[in-house]
Amino acid sequence: MAEAQIILTHSRESGIVAIASGEQYPWAHTALAENGFQRDDDGVWHLPADGTKTTLVDLIRCAKRHRTSVHTSSRRFIGDAARDLTRLLPGQWRASVEIYSHPAWQEDLVPWIWDSGELSRAVQSERIPYAALLTDAVQGTTLLFIERPGRQPNYLVGAFSPEGLEGGYGDPHAPRSIVLPPFAGRAAQALTGRYLPAYEQAVHARQTAAIAAVLGDIRCEHDTWQAMNASGRYSDATPLSAAAPGAATELFLDHAWRRFLTVVDHAPALLDRCRPASSPWPDDAVALSRLADAVIDAETLVDEIVHGGFVPEQERRARAWPAIETWLTDGETFLRQARISAPHRRPALPVAAPARPLTAARPAHRGP
């Protein structure tokens, strides 16, 4: 493949559009500019309505002079396809186009893709010069929408890591991307009926696992701290100095607080889903109430630290520890309730309009 390519496709709104690709993509930019194309904020080139009458032959000849190949796509512009899809999704979804002209930009996606299926493999092994992001403005969900590699007209959709749980590459809780048909109604039905429920269940599982891991780490450090104070020695049997117990306590409390922020971030949503009265352990309601109050206390402390000015370290430690201790005490109760409270599948989205071809927020478009 040439070091620079121009991919031509058709947009319902903009007519002929062009995307530059390849390690030497600036050569393609030069050829497009010389033929009257203009680049928009998304990095997509298009001919203005009152622009020069450039022909395909003109563009090919000019591109050849700039060592750039020209390819035409049989698919509609991916921005149109993405917008058609988001218009049929419940909620406040929006679509934006991403251009990965240089192959290295595509590689930047890999650590952020939260997927255990075909999408992750495609991003790592296939050239993907452009994509669309589908973003739910309310829930904060961001999906990657690409043309499925190969000759088939389908699409692939999968997720980026949810906020606060970044770095999802290789995560065992990652949902599996799905193939979407090239018809907006059917694609929306598959996304809402299959993928989004699986995604929500995966987020729930990952948040629960993150809290379990944090509580386990804090509990382990707490046991070590208690054993050290009881024995008067460090873990390597060296005697503690006179100042060591106080310093060790402060170090433990500081480490515990930093880890506990994960609980503060993710526990509220999980607590809201817990229904102890309909579980095998209805008496857990009392413990869950204590845990919710502890999170509220910790949230208040975080808010004061972030927005209210300086909070002395001694005060922060004294206020944080009761909340942490409550979670160490009742954390297992929370975990057993959270594990049986995963979101249920949504009812399938009815197709409100006849199926038609798909025409119409982790790494942003980069380029000069």
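1. Tyr 195 and Tyr 199 are four residues apart in helix H6, and are therefore separated by about one helical turn; helices here are DSSP runs of H or I of at least four residues, and strands are runs of E of at least two, numbered from the N terminus. The two rings form a stacked aromatic pair, at 6.4 Å centre to centre with 25 degrees between the planes. Rings of Phe, Tyr and Trp (its six-membered ring) are paired if their centres lie within 6.5 Å, with planes under 30 degrees apart counted as stacked, over 60 as edge-to-face and the rest as tilted.

2. This is a predicted model, in which local features need pLDDT of at least 70 and side-chain atom pairs count only at pLDDT 80 or more, while totals for chains, interfaces and linings use all residues. Residues are numbered from 1 along each chain as its sequence is written, and side-chain values use heavy atoms, with hydrogens and water left out.

3. The search of the whole structure gives seven aromatic pairs, and one of them is the edge-to-face pair of Trp 114 and Tyr 199, 5.8 Å centre to centre with 80 degrees between the planes. This pair links distant parts of the chain, since Trp 114 belongs to strand S7 (residues 113–114) and Tyr 199 to helix H6 (residues 184–231), 85 residues apart.

4. Two arginines deserve a look beside aromatic rings. Arg 75 lies over the face of Tyr 155, 5.5 Å from the ring centre, and the charged end of Arg 186 sits over the ring of Phe 183, at 5.0 Å from its centre; the criterion for Arg is CZ within 6 Å of the ring centre and within 35 degrees of the ring normal.

5. An open sheet of five strands has the order S3-S4-S2-S1-S5, with mixed pairing, where two strands pair if DSSP finds at least two bridges between them. Strand S3 (38–39) and strand S5 (69–76) stand at the edges with a single partner strand each, so one side of each has no neighbour in the sheet. Strands S1 (residues 5–11) and S2 (residues 15–21) run antiparallel and are joined by seven bridges, and Thr 9 stands opposite Val 17 in S2.
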